[in-house]
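Thanks, everyone. I will talk about one interface and its charged pairs. Please look at the structure first.

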Amino acid sequence: MHDQPRFEPLERTTLFADGRASRPRVPGTIARGERVYDAHLVEGKVDGALATTFPMPITAEVLARGRQRYDIFCSACHDRAGTGEGLVVKRGLKQPPSFHVERLRQAPPGYVYDVITRGFGAMYDLSDKLAPADRWAIVAYVRALQRSQNASLADVSAAVRERLLAEAKK
Amino acid sequence: MAQIFHPSFNTLSKVSIFGAVFFLGAAVFAWDSLLRSSYNTQVDVAREQPVPFSHKHHVQGLGLDCRFCHTSVEESAFAGIPPTKTCMGCHSLVWKDAPILEPVRESYRSDRPIEWTRVHDLPDFAYFDHSIHVAKGIGCTTCHGQVNEMPLMWRTETLNMDWCLACHRNPSANVRPRERVFDVDWDPASLTDEERAGLAAQYHLKSMLNCSTCHR
């Protein structure tokens with residue numbers, strides 16, 4: 001009763017030589033509902049070149065999702081502000097560049113998407129952990145981080161401006 | 001004809017009939033205590049693993065989110081055990097020659113998964129889905145304990161049916177805001193009963209006591 005003749009995820013089996021009941025994906029197949037033909041969304045490319053635009057409209061929800069996923073999957077190395085001084089870097093991982101250097105500020109969104117999807121240097125790709133839409137949400141949030149580090153008072157709404165000025169006086 | 005039973009057997013038979021009640025009671029109590037002991041439930045018993053992975057170091061020390069490794073916990077019944085690639089994301093550079101991590105490197109080289117010892121394993125006749133619990137505002141630490149303080153993993157709860165039912169009878173006792181589900185420092189005492197009732201109403205929590213909720 002406790003162990004019925006069925007497999008739980010990742011259980012062991014003698015059925016296959018490698019002992020895995022959960023089978024690796026067969027090359028050339030896709031999951032149900034998986035989109036592979038949208039090169040902009042999935043590959044981050046338009047006409048073979050890194051996309052300079054996002055495949056979806058950027059809303060407050062997208063940015064909130066991007067922030068959440070960024071904090072989970074990226075902040076350990078890139079830190080929450082994107083300066084590349086995360087805790088794991090302090091423990092010996094190679095320091096990634098800050099998102100706020102000019103080269104990365106000028107890089108198209110497709111470039112950031114490409115790094116998440118395929119990895120870069122010491123960074124392994126995150127394609128198995130993040131669906132394309134989540135990767136793009138992170139790209140949008142990285143853009144917001146870049147903007148935040150180079151923002152002026154004129155960029156914020158009047159209400160927020162008043163609050164910031166009040167805080168600055170304290 | 002001589003008596004078969006000596007007169008003292010009268011006393012003996014009375015004592016043994018009377019005593020049997022206590023003896024049976026004691027035996028039932030002992031059996032129940034054994035079933036509820038950590039010998040049977042594995043509560044508070046740290047489990048050996050092929051690599052002594054420390055949640056304490058990775059969660060408390062580095063601040064990694066649960067979902068960094070347990071990626072499918074929000075969408076699927078199974079929370080997910082990370083592939084060796086997740087380990088190597090850091091350990092190809094950090095502690096890259098440590099003998100203790102050799103099984104990780106060997107797994108990555110040979111593409112054979114590390115065989116972790118499962119700590120929380122429900123019997124196959126009980127259906128459980130992580131994603132719905134997470135979506136309803138039940139936090140990781142409610143069932144798994146302070147994982148961030150565990151050098152090796154152990155159970156803090158029995159996973160017995162009465163434990164499941166205690167919460168299914170009154171789920172609002174354990175609810176927390178959805179955005180704090182993965183917060184290992186969440187303090188259950190930080191909400192008042194009214195606030196908990198409010199969250200329970202907002203998330204449509206209800207008492208789920210039908211047998212087929214879990215045995216389907």
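By buried area I mean the accessible area, with a 1.4 Å probe, that two parts lose on being put together, summed over both. On that basis, about 2700 Å² is buried between chain A and chain B, and carbon and sulfur atoms give 54% of this area. Keep in mind that this is a predicted model. In contact are 28 residues of chain A and 31 residues of chain B.

Now the polar side. Between chain A and chain B there are 11 residue pairs in polar contact, both at pLDDT 80 or more. On chain A, the elements giving two or more residues to the side that touches chain B are helix H2 (60-73) and helix H4 (87-90). H2(A) gives the most, with four residues. By class, that side of chain A has 12 nonpolar, four polar and 12 charged residues.

Next, salt bridges. One joins Lys85(B) to Asp125(A), at 3.0 Å from N to O. Another joins Glu74(B) and Arg69(A), at 2.7 Å. Glu74(B) sits in the loop between helix H4 (66-69) and helix H5 (84-91) of chain B, and Arg69(A) in helix H2 of chain A. Glu74(B) is partly exposed, at 24% relative accessibility, whereas Arg69(A) is buried, at 4%.

Within chain B, Asp32(B) and Arg36(B) form a salt bridge at 3.2 Å. They are four residues apart in helix H1 (residues 8-36), so about one helical turn separates them. Asp32(B) is partly exposed at 34%, and Arg36(B) is partly exposed at 47%. Finally, salt bridges with shared partners join Asp18(A), Arg20(A), Arg23(A) and Asp111(B) into one network.

Notes. Residues numbered from 1 in each chain as written. Chains lettered and ligands numbered in written order. Predicted model: local features only at pLDDT ≥ 70, side-chain atom pairs only at ≥ 80, totals over all residues. Heavy atoms only, no water. Contact = heavy atoms within 4.5 Å. Salt bridge = Lys/Arg side-chain N within 4 Å of Asp/Glu carboxyl O. Polar contact = N/O pair within 3.5 Å; in protein donor to acceptor, adjacent residues only side chain to side chain. Nonpolar A, V, L, I, M, F, W, Y, C, P; charged D, E, K, R; others polar. Buried < 20%, exposed > 50% of the residue type's maximum accessible area, 1.4 Å probe, protein only.
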